[in-house]
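Here is a short briefing on one chain. Look over the sequence and the coordinates, then read the points by topic.

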Amino acid sequence: MAKIKYFNGSNELQGVREINGKLFGFVRVEDLYFVAGEGWKGFTAVERKVEYKSNPSRHECDSRCMNATGLVMKCECACGGKNHGRGSSMICEAA
């Protein structure tokens, strides 16, 4: 079964939840803080969703990865979804 990964830029988000119809998560739990009367702060918006295969081939990233589009992109390359949809003009990060 595939796993959905959520990203903001190159940061994979954890604890993703829907708030007012939009998805938000956090990079590190240490980034979260509580404000009395307002609730938890420190969440960041989800920019991309990537479906990561359960048995990936882990091939090198290429233009199919960098230029991927769609609501949910599919991945099985070495970046683990980090580079999907980031565009060919962006710098590819090492996995």
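Partly exposed describes a residue whose relative accessible area lies between the buried limit, under 20%, and the exposed limit, over 50%. Lys 41 has 28% relative accessibility, so Lys 41 counts as partly exposed. The model is predicted.

**Confidence**
- The average pLDDT of the chain is 81. A score of at least 70 is reached by 88% of the residues.
- Residues 88–92 have a pLDDT below 50. In the model this stretch makes 6 contacts beyond near neighbours in sequence.
- Where pLDDT is low, predicted coordinates should not be read in detail.

**Layout**
- The chain holds 1 helix and 8 strands. From the N terminus the order is β-β-β-β-β-β-β-α-β.
- The chain has 95 residues, and 29% of them are buried.
- Take the contacts between residues at least 6 apart in sequence: 40% of them join residues at least 24 apart.

- Strand β7 spans residues 48–52. Which of its side chains are buried? Arg 48, Val 50 and Tyr 52 are, and they point to one face.
- β7 pairs with strand β1 (residues 3–8) in the antiparallel sense, over 5 bridges. Within that pairing, Tyr 6 has Lys 49 of β7 as its bridge partner.
- β7 also runs parallel to strand β8 (residues 72–75), joined by 4 bridges. Here Lys 49 stands opposite Val 72 of β8.

**Lys 5, a buried charge**
- Lys 5 sits in strand β1. Lys 5 is buried but has no salt bridge.
- How far away is the nearest side chain of opposite charge? It belongs to Glu 12, at 4.2 Å. A salt bridge needs a side-chain nitrogen of Lys or Arg within 4 Å of a carboxyl oxygen of Asp or Glu.
- Leaving out residues up to four places away in sequence, Lys 5 touches Glu 12, Arg 48, Lys 49, Val 50, Tyr 52 and Gly 80.

**Salt bridges**
- The whole structure contains 2 salt bridges.
- Arg 28 bridges to Asp 31, with the closest N and O atoms 2.8 Å apart. Arg 28 is partly exposed because its relative accessibility is 47%. Asp 31 is at 28%, so Asp 31 also counts as partly exposed.
- Lys 41 bridges to Glu 38, with the closest N and O atoms 3.4 Å apart. Lys 41 is partly exposed, whereas Glu 38 is exposed, with a relative accessible area of 54%.

**Arg 58, a loop residue**
- Arg 58 lies in the loop between β7 and α1 (63–66). Its relative accessible area is 47%, so Arg 58 is partly exposed.
- Beyond residues up to four places away in sequence, Arg 58 touches Tyr 52, Glu 76, Cys 77 and Ala 78.
- Arg 58 and Gly 80 are 22 residues apart along the chain. Their C-alpha atoms are separated by 7.9 Å.

Conventions
Residues numbered from 1 in each chain as written. Predicted model: local features only at pLDDT ≥ 70, side-chain atom pairs only at ≥ 80, totals over all residues. Heavy atoms only, no water. Buried < 20%, exposed > 50% of the residue type's maximum accessible area, 1.4 Å probe, protein only. Helix = DSSP H or I, 4+ residues; strand = E, 2+ residues; numbered from the N terminus. Pairing = 2+ DSSP bridges. Lys, Arg positive; Asp, Glu negative; His and termini not counted. Contact = heavy atoms within 4.5 Å. pLDDT = per-residue confidence, 0-100.
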